[in-house]
Amino acid sequence: MKANLNLITLALLAASSSAMAAETETKQVVSYGLAHANTAKVKFAAWKCGRCEANTGTEGTITVGVGYADADDVHAANALGTDDTFAYKLNADVGYKSESGYQAEFNALNLGMDSSRAELSAGKAGQYDINLNYRTIKTYTTDDALTPYQGVGGNDLTLPSNWVTAGTTDGMTMLATSLNPVELSLKRERAGIGFNLEGDSLWSTYVDYQRENKTGLKTASGSFFNQSMMLAEPVDYTTDILEAGIKLRGDYWFTALSYSGSVFKNEYSVLAFDNAFNPTFGAQTRGYMALDPDNEAHTVSLAGVYNDGTMSLQGRAYLGQMSQDEPLVTSGYGYQLPAEAVDAQVDLTGIDTRVTYRLTRSLRLQGSYDYYDRDNQTQVEEWTQISINNVNGTVAYNVPYDHSRHRAKLQADYRITSGVKLDGGYEYRRDDRSYQDREVTDENNLWARLNYTSLENWDFRLKADYGMRDGSRFQASELTSTENNELLRRYNLADRQRTAFEFTVTHTPVDTVTLDLSTRYALDDYDETEIGLTESEDFSYDLSLSWQAGKDLLLTAFYGAQTIESQQNGSSNFSGPTWTSNIEDEFSYIGAGARYDNLMADKLTLGVDYNYGDSKSNTQVTQGITGSYGDYYSRSHSLNLYGEYLISEQATLRMDYRMEKYKDNDPANSIAPDDIWNVLSFGNLNHDYNAHLVMVSLQYKL
């Protein structure tokens with residue numbers, strides 16, 4: 001009987017190839033792989049799946065919703081997704097396929113809300129694809145920032161015509177009547193278009209373009225001598241991003257040549273503002289502050305992969321450049337400039353390589369090497385700086401910081417027996433930084449991990465790390481400030497010994513219950529540091545439970561906590577330690593959920609989700625006596641009650657009720673605009689609110 005080679009035959013061929021490879025370890029596994037099968041006489045064009053049904057036409061779901069929000073603090077919109085009283089949203093997951101292979105998809109999530117996204121793509125499978133995409137994200141800080149300045153939203157902030165300056169904030173007689181609330185928030189919108197073209201089996205190419213606009217207001221500070229004012233800095237950024245490339249592929253290899261570039265433009269180059277205090281140093285009544293300059297970045301990379309089933313090689317090399325040549329802001333500066341623009345340029349070079357080799361069925365080796373170099377080509381100039389005290393000098397230099405990094409890793413994975421796996425590795429990293437207190441740092445790290453899954457219904461994982469960092473001798477750079485204590489050690493450069501442990505266990509006592517527990521402990525010891533961070537201890541754990549309590553009832557719960565304790569030494573006389581501080585940061589969260597399906601003759605689903613988060617921090621300083629900076633904390637309760645009712649086979653009605661209860665306290669924000677004599681602040685920016693959202697939505701299945 002004449003038989004055709006079909007999908008089932010090929011599956012059996014692949015299975016038998018694996019079996020033959022297991023019998024003879026001395027032969028290469030790939031020799032029996034399907035890729036080496038003799039298919040010269042196979043008529044691939046005649047392959048046909050007799051039981052496969054091609055879905056053509058349009059299918060998917062569309063959801064429209066309308067809601068009502070009740071909140072007296074704009075910060076609540078970060079959780080509820082809208083700052084409007086009435087909210088609208090559109091969700092979609094719709095696809096179309098034609099018999100000739102053309103297809104299109106439209107996906108949308110929360111269109112109309114503050115954070116949303118949408119994407120439309122169309123093309124022909126295996127030939128080409130074009131897509132349009134849109135995304136927006138809005139974040140809110142506060143709508144209660146108080147400022148006497150007019151012109152907020154632009155780059156020229158002025159005080160009222162009847163403003164009376166004073167030497168201290170409590171002497172500003174027109175302050176109380178001049179204050180107006182300002183919303184500090186940022187909105188990011190990104191829209192793009194992309195095109196992919198598939199050639200034959202060898203090549204493909206793509207190009208993607210996106211434009212992002214970021215608008216809003218953020219906090220800034222302007223100063224005159226030792227007096228300062230908090231200002232609302234306008235944000236009006238535009239970033240154009242272009243990515244393009246070509247990909248080549250074969251049976252065992254893949255390579256890609258790609259380009260990525262971005263051009264950033266700021267609508268405002270300078271922020272001008274009136275002096276709210278009596279003119280003192282230089283009798284200045286107006287101040288000017290340079291804002292983020294226009295800049296651009298470009299990167300070209302070449303990547304490749306080779307994999308023959310036993311050995312895998314991966315590599316990438318790239319060249320990049322960042323630059324900006326915006327004119328310098330000279331308003332209010334009366335000295336001669338050495339250049340009209342900095343004409344800054346930074347060149348980037350990098351290489352990433354990785355090789356993986358399977359020696360036996362139980363042992364795999366892996367090694368990698370990464371190189372990164374940041375070469376600052378900006379010309380060093382001598383700048384006259386305004387001297388306002390006996391510490392600052394009269395000449396300053398723009399410092400061309402360079403940075404290069406070498407990182408190498410070796411790793412071995414060994415399967416001891418079924419259910420027992422041991423892996424470990426060594427990592428080395430060297431950083432060279434120019435014009436730093438310490439120009440070279442070396443880090444060495446050893447780690448090992450044991451995975452144990454032999455016990456029925458139990459999975460265990462234990463990992464241990466030990467690392468050391470040292471480097472070159474500490475010394476002051478000729479271009480860095482000499483105002484720091486020579487005993488000061490920055491924590492990212494200082495000698496450090498790190499010890500860390502991780503333990504994870506998963507237990508499934510019955511098929512319907514899953515328990516997960518993970519814990520981590522890390523200790524960083526800066527034993528050679530006299531001034532600076534001397535120790536940091538980090539302990540955390542997480543616990544979760546999932547229980548399928550019945551055919552239609554799912555229950556979940558979780559809890560986690562983290563504590564970070566740090567010790568630091570300081571000096572008030574540029575010599576040995578004279579004071580110490582202890583910082584304790586604590587984070588915890590707890591949550592639970594329930595979902596009951598198929599109520600009321602399989603038409604109703606009810607659910608509830610609750611989350612509570614708590615974070616707090618306290619810093620105590622001891623110098624003869626012990627004092628506290630004040631407690632910082634934030635607490636949030638989030639509740640979501642929902643129900644879904646199946647109206648028909650195509651239509652489902654859903655109702656959500658969301659509640660957000662939030663409170664925080666930051667001593668730095670718990671002040672009135674005139675509480676500090678030489679700082680005109682935004683006032684109390686803490687939050688304490690209850691917010692609610694009711695949303696009704698209708699989903700229709702096409």
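Trainee: What phi does F225 take in the hairpin of β8 and β9?

Mentor: A word on terms to begin with: helices (H or I, at least four residues) and strands (E, at least two) are DSSP runs, numbered from the N terminus. Two strands pair if DSSP finds at least two bridges between them. Here, the hairpin of β8 and β9 has 2 residues between the strands, and F225 takes a positive phi near 55°. This is a predicted model, where local features need pLDDT of at least 70 and side-chain atom pairs count only at pLDDT 80 or more, while totals for chains, interfaces and linings use all residues. Residues are numbered from 1 along each chain as its sequence is written, and side-chain values use heavy atoms, with hydrogens and water left out.

Trainee: Over how many bridges do β8 and β9 pair?

Mentor: β8 and strand β9 (residues 227-249) are antiparallel partners over 22 bridges.

Trainee: Which residue in the turn between β28 and β29 has a positive phi?

Mentor: That is G624, with a phi of about 85°, in a hairpin with 1 residue between β28 and β29. These strands, residues 604-623 and 625-628, pair in the antiparallel sense over 4 bridges. Q623 faces I625 of β29.

Trainee: In what order do the strands of the open sheet with β6 come?

Mentor: The order is β6-β11-β12, with mixed pairing among the 3 strands. β6 (156-157) and β12 (286-290) each have a single partner strand, so one side of each is left without a neighbour in the sheet. β6 and β11 (residues 270-274) run parallel, paired over 2 bridges, and L157 has F273 in β11 as its bridge partner.

Trainee: Is R520 buried, exposed or partly exposed?

Mentor: Buried means under 20% relative accessible area, exposed over 50%, and partly exposed in between (1.4 Å probe, protein chains only). R520 has a relative accessible area of 32%, so R520 is partly exposed. R520 sits in strand β24 (residues 513-525). A contact means heavy atoms within 4.5 Å; leaving aside residues up to four places away in sequence, R520 touches A500, F501, E502, D538, F539 and S540.

Trainee: Which residues line the largest cavity?

Mentor: On a 1 Å grid over the protein atoms alone, a cavity is a set of points where a 1.4 Å probe fits but cannot get out, and lining residues have an atom within 4 Å of a point. Grid points are joined across faces, edges and corners, and a volume is the space filled by probe spheres set on the points. The largest cavity holds about 30 Å³ of space. Its lining is L146, T147, P148, Y149, M230, L680, S681 and F682.

Trainee: And what does the whole chain look like?

Mentor: The chain has 4 helices and 33 strands. Buried residues account for 31% of its 702 residues. Of the contacts between residues at least 6 apart in sequence, 60% join residues at least 24 apart.

Terms used:
1 Å grid on protein atoms, 1.4 Å probe; cavity = no way out; pocket = protein on both sides within 12 Å on 5 of 7 lines; lining within 4 Å.
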